[in-house]
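Biologist: Please take a close look at one part of this model, the place where two of its chains meet, and describe it step by step.

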Amino acid sequence: MNSEQASSAENPAPLSKTQRQVAASLGRRHRQEKLFKSIGLTAVIISLILVAILFINIFAKGVPAFWQSAITLDIYFDPEIIQISEKPVQQPDETENAFRQRYLEWQTEVGMVNFNRLILDGLYKVIPEASERQFRRDAARIVTSGERYALRDMVIENPAIIGQTKTVHLLTDANIDVWLKGNIDRDLPDSQQQLSPKVREWVATLSEQGIIENRFSFALFMNPDSRSSLASAGLAGAFMGSLYMMLVVIFLAVPMGVAAAIYLEEFAPKNKLTDLVEVNINNLAAVPSIVFGLLGASVFIGWFNLPMSAPVVGGLVLSLMTLPTVIIATRSTLKAIPPSIRQAALGLGASKMQAIFHHVLPLAVPGILTGAIIGVAQALGETAPLLLIGMKSFVAQIPSGPFEQSTALPVQIYLWQGNELRNFFEARTSAAIIVLLALMLSLNALAIWLRKKYEKRW
Amino acid sequence: MTAIETNSSGKVKMTARDVRVFYGDNEAIHGVDLDVIENEVIAFIGPSGCGKSTFLRCLNRMNDTIDICRVTGSIKMDGRDIYDPSLDVVQLRAQVGMVFQKPNPFPKSIYENIAYGPRLHGLASRKSELDDVVESSLRRAGLWNEVKDRLDQPGTGLSGGQQQRLCIARSIAVSPDVILMDEPCSALDPIATSIIEELIDELKQNFTIVIVTHNMQQAARVSDRTAFFHLGDLIEIGATNEVFTNPKNKRTEDYITGRYG
Amino acid sequence: MTAIETNSSGKVKMTARDVRVFYGDNEAIHGVDLDVIENEVIAFIGPSGCGKSTFLRCLNRMNDTIDICRVTGSIKMDGRDIYDPSLDVVQLRAQVGMVFQKPNPFPKSIYENIAYGPRLHGLASRKSELDDVVESSLRRAGLWNEVKDRLDQPGTGLSGGQQQRLCIARSIAVSPDVILMDEPCSALDPIATSIIEELIDELKQNFTIVIVTHNMQQAARVSDRTAFFHLGDLIEIGATNEVFTNPKNKRTEDYITGRYG
Amino acid sequence: NRDTVQVAGSSTVLPFASIAAEEFGNNFAQFRTPVVGSGGSSGGLRQFCQGVGTNTIDIANSSRQIRPAEVAACKENGVNEIIEVKIGYDGIVFASRIDAGIFKLKPEHVFLAQAAQVPQNGKMVANPYTNWQQIDKSLPDQAILLAIPGSNHGTREVYEEKVIIDGCKTFAEVQAMPKAEQNNFCLAMRTDGSVIEIAGDYTETLARLQAQKNALGVFGLSFYEANRDRIKVATVSGVEPTVDNIIAGTYPVSRPLFFYVKGEHIGVIPGLKEFAEYFVSDAASGFGSPLEAAGLIPLDDDERAKILADIRAKKSL
Amino acid sequence: MSNFSLIVLLLALMAIGYQLGMVRSRKVAAVNLQQKMHSRPHHYGMMVGLWAVIPAFFILVLWTLLSPGVINSMVAAQLPAEALAAEGMNADVIMRRISNLAANFGVVAEAEQWELAAAAYMQQLKSSSALLLTGLIAAIAGAGLFFSYKRIKPQLRARHQIERTIKAVLVICSTIAILTTIGIVLSMVGETIKFFTFVPPADFFFGTTWNPRFSTTGVSEGSLTGSQGSFGLLPLLSGTMLVAAIALLVAIPLGLMVAIYLAEYAPAKFRATAKPIIEVLAGIPTIVYGFFALVTVGPFLADLGASIGLTIRATSALTAGVVMGIMIIPFISSLSDDIITQVPKALRDASLGLGATKSETVRKVVLPAALPGIVGAVLLAASRAIGETMIVVLAAGNSPALTANPFEAVSTVTVTIVNQLTGDNDFASPQSLVAFALGLTLFVITLLLNVVALVIVRKYREQYE
Ligand SMILES: Nc1ncnc2c1ncn2[C@@H]1O[C@H](COP(=O)(O)OP(=O)(O)OP(=O)(O)O)[C@@H](O)[C@H]1O
Ligand SMILES: Nc1ncnc2c1ncn2[C@@H]1O[C@H](COP(=O)(O)OP(=O)(O)OP(=O)(O)O)[C@@H](O)[C@H]1O
Ligand SMILES: [Mg+2]
Ligand SMILES: [Mg+2]
């Protein structure tokens, strides 16, 4: 600016009157420009900082939850304790039903075995003191209760294991994990501690010996939720549930929304009725999400007899909820596409449908994808509508298909959030959120990539 | 007001009777009667804003795409009313091609711009055939040499005149019966213009051409008949040499001799 | 290759030296040297795609807006390098106005289209002043009578030629020192063209005008000097009557006489 | 066709029902683990009463007894066999941050802290108290900030019944009022921000306490037990909230928890009856059971036996 | 055959029909040289394929919907009456037992003989139904294929048929949105009317206090009988508006500026990374925002207020609004960014060529041209703000007070809906039914707001070209 004035001084190009007026206004306008641009940059930076803050918030809390303390024990599968009959095999003349019956009986028999004793025996080898009568109760608390089922499943899987000794890593009780991670002040008096003094003493020695150590928690990813054995609760069920739901949303809401938007923007006659439809769709976006749950419960479960707590229903409900987002996003972009493109195609003898599908839609792809990205992100994090279709549930199984009962990641987050154990309402929820964000980003990755590819300025 | 030339030789391709066009409440064309004869080149001339493009767009119903635009009267092609609801406008537009006043290439590659129409109508079954169509169309529009090395680059990155020729090439690639050209040479230099004029001469053998131009010389050179529009009225229509040498109407004369205004 | 005319009378307004323009890797202008003299009308002629628009856009740095476009060499205005990073392009563009090849009215009312520039630069302090600017600009572009009753209707609803004149009116409304006109009459009929040519004659008193045209007659009529471009090179530049009656270069002669191609 | 027991309802019962379901699934290989949904007692019962069929739930958890209007609504939709099962009790405690003062509360203290108007010298005046010390010298010197359960919580009912109303009626001025007005007077709350209604979980209450040092919150007993290092409990009328005290009935603020079984589904949904029986069995919810460890206050053995018999007999409301 | 394999079969038929139609249309074209085919070969192919599949598909759907009922009633008619009477069981329950037996599912040990017989009968019916369906489908699909194949003539407007089908699909898709609305209204009207039998509408719409007691209707022994509290809508409504307004005040400027910066100023690489990152904001579960507001933002704002002499509650409309505003930034920024990018370059050039600065161009040309789309984005964000729950529950203090002071705690309609619907209230009581009334009211109000928005947009719309 200064140099310019200098140079115009040395080179007295007489400016016309209007050009002087222009020059006079420039200082102000450039300040405006700078201000505007820096406001824009600030806005972007603020947004990015917000993302960063939230991420730091989540990661700082959540990452430790990916590691959990586990104890390494040699378990002797004592035939004395495990007294079971032969594993049944299906006879050629046996019906499916009868065999299942027989197999169930055998499973029940295995289930009767006190696998806890195997664990305790293993424990006594590393803490001999624990075998004393007065400490047995304390010893039983060290390994989380769900692990006995892990041993049971090992036996059911392969009965030949009986009589052998195996080295296994067993998750310790959730409170031990809390204590070892230092989330509870070790100096507090006994009355405020969750663990008895004896257990604390043992755990301290064991972790010094490396028998108890922090291991990457595969259980968090492999197990379904658990309530009675908090340490072995995992996200697998919720993850699959969310995944199925999102697949339904992606394959239903997105195409349907785009189709509806195309009709409304390109084909529908412009009259009061379509105005009403437009207003109505905008309005649908403002309907509280729980209301979609009400609707879904009565329509999909009540009328169509779809199963309760199933990801399909969740997906359908979330699709209805996402639909307006996709429609509005698509319409907005369709509106912004210059009519000359349509005319060029029509003039060549393309039908309206062809003009739209060949020329307009490809140009609208980025906007459509943005709608899909935001819609899916929103649907993935939503819980309220799932409440009424039974998906805000405790489900101790991993769904094997979209028609199986399951829960969803945000639901899991809510449930863990309300758990009284701090491992849950602090670390694990954050870990679950990390998993949710990872799922969201991977679901959207393709869309983000495609969008970038289709973005072209002309 | 309208001057219809009745004793025209040749078969009538399109007839327009009492065509009126309204933009909202504004009447842009006030009852035009006009015949387009097969295999002729007919030129529309007239001052800017007199309704040439508007009338031209009526002939392949491109006006349908303008919300506020309404057309009355009858326009027939080969005896069929083209505004008949049962008529397939898509087929109509495939038969009656159009080059728009403002070049509007697709935001796609040059090749795709040309290949779009033939692909749409299945005019080429193999890639090589399509390549041929693309090449010959570009050649005929006099653009081939300039773009042959950059067929995969966007059509929107061409110069103004190149875009215009691209649009011409694009529309002849589908070989329509009738071609409507709205000032097809407005952005072209004399040489390119002469190529297009040659093209028009050549096309005339098989097709019917309606051309809007504000270039009197061009109208005189290429057209068989000329129609003069003024303020939404068709003032005069006749054999081109007649109109130019011996206009019946005072306003035509004034316009042609440049005395008007 | 370049032919620079050194002994031009009058003060030099803009100088271009060894200007090269690249679109990506493609060199569209190959080292052009050229002076624009104050208060003259200089015409750029040349076949389509030879780089006239590209060079024109260099003069007010509109090429900056094309991502893949790169300009080298030096262009000075009143002795100052306009590509100097410290230079204010906004002021440059206010000083060097431009009428684009494709009419591009804003999707606003006709009035707003014209008033946009004056408002932006604070050229009219009162509504009545602004009304005056709008009216006089439209009048000078010969559009006033056609649009005076519909100033509040969208500029995009005008005919092709009307849009072109609207864009001319819009650019003269801010009274730039230099006006770059890229085929300003391409969509205009002879009468409208003559109005614009008169306007150019009138503007020449105070401003410098660079006009791209493919209409030889127009170049001959309005310009003081003519530059002939060919395939990205400036082949010849000189006083218009000189260039047209006695071209130095064979290619110029061929082009002007229409024998080229 | 469904082979999983579907449960929904109260979020207070949810953890207990979840544990019961999980243990049930682990112990009965022939049945699948029941699915336990939340959605509040109201939401659960609403779904429960929607009708009979595989697309309705089998069991509704509730932190309160079913209401006659709800039973009527159920019957209207063809749900006639509603088997009520009481599973135990839930204790409710007042707790403050570990670094805040020690509270020895009496119901009237809480009333005086939250009421819109309080009786003073025979007159009703707008609540003047801002510090607990102003209410009673024995209380800590800290600003009044009470985080109570929201009006949609079942806990709220117990809280109002057992603490506020009781505390309120100790005042002679209140007793002098007409009976019909007493409740309205007692329950009117101050709106100056000293009372926060918590609509969410106890973790939310805990978060409030973390954000505001002075806050005194209402928690479930088991939640408090698991977070003893952060919050400390207040005695009410001098009684410490412990399981024993609650069973003995000396600690006033506790409530029974229920679930309701749809009789029509027994025999159709595999495992429904077995699950209901297992839930109330001594192994699952008796003393020393996993549910007790999770904070449920068990029924005594006589009551348990009676309830078990009711289930077997499909005794419906 | 199962429905799934039937669908696979139909798809296969469609592919076959497509091929046949193509081949046939080519042949027809070769024979009728003088007449041009109306449509392209693949149009004919697609038409044949659609004719083969669509009628058959409708039959499949109808059959699947109706056949269970028919079979059930057939089985029911066969049941021995005396057995029914003896069992004294609900007919529904018996039917379910029988179908469980028939499906070989669940271990129904104590099945009666007649039950087993009925189950066998049902199995038989089912298998014959499946057979019949397969036959029917095959016949109809074959017929559709054959007749449409025969119909291929140059005059046949195959493309029209296809486009009409596609259009029908498009229409159906847009009807879904309408049906959803109707469903929503229907699912709320009944209960709303029930609510108004407890509480007079005037008290609801014009009441200024919201203080429903815990549901107490019909409590027999409780001492709280009679007082159901007050159900004034206004505090909730004002809270909703306040929070949404604050959220939009945060999100619109931020979002728009982000959009403008990304679309107009930012280098392509930066934009390509920043945009998806910012979009993450829309995907973070709202409970995270809630706790973020409660634990971080609230105290921060309170401290900030204190430092400049304002009393801001830690949980206030401001806290909730600000955090919600953060959440909806991407709704505005990403969508607007796409729309701004669509605005043709010629318009920018026109403005820049007149000597406008970039920001002037953006403000005066680009934004007005992009306005309809941007308004769509803003409406979407506003809708989200109005419909959001979790943040408000945690951050706004959940205290329904009629106030316009953003520093005070408030509550909103949606929060209340969720609370009342999912709490421990009696579901037949006004405390719970009020959720429906609130939902419907909110629906109507947002509808009106949308109408206003539409009218405004229409007025300022600029159509380019
Ligand atoms: N945006 C662009 N991207 C790539 N190439 C371009 C672009 N614009 C122009 N060109 C190429 O640069 C060369 C010069 O173009 P320019 O527009 O300057 O021609 P012109 O002389 O104005 O022609 P016309 O008379 O047809 O308008 C042409 O070959 C053209 O294809
Ligand atoms: N979309 C539109 N909306 C409203 N009025 C229009 C529209 N298009 C054209 N008009 C008006 O109709 C009249 C005829 O326009 P038309 O485009 O047919 O003129 P033209 O003869 O092609 O002129 P030009 O030679 O300038 O292209 C003009 O007054 C014009 O302003
Ligand atoms: Mg025109
Ligand atoms: Mg050019």
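Modeller: At this interface, 102 residues of chain E are in contact with 95 residues of chain A, contact meaning heavy atoms within 4.5 Å. The model is predicted, local features need pLDDT of at least 70, side-chain atom pairs count only at pLDDT 80 or more, and totals for chains, interfaces and linings use all residues. Residues are numbered from 1 along each chain as its sequence is written, chains are lettered from A and ligands numbered from 1 in the order in which they are written, and side-chain values use heavy atoms, with hydrogens and water left out.

Together the two chains, E and A, bury about 8,500 Å², 71% of it on carbon and sulfur atoms; buried area is the accessible area (1.4 Å probe) that two parts lose on being put together, summed over both. On the side of chain E, the residues losing the most area to chain A are E:Leu170, E:Tyr261 and E:Gln342, together 7% of what that side buries.

The rule finds three salt bridges across the interface of chain E and chain A, a salt bridge being a side-chain nitrogen of Lys or Arg within 4 Å of a carboxyl oxygen of Asp or Glu. A salt bridge joins the side chains of A:Arg451 and E:Glu279 (2.7 Å, N to O). Helix 6 (residues 158–198) of chain E supplies the largest share of the side of chain E that touches chain A, 16 residues; helices (H or I, at least four residues) are DSSP runs, numbered from the N terminus.

Definitions and conventions
Helices (H or I, at least four residues) and strands (E, at least two) are DSSP runs, numbered from the N terminus.
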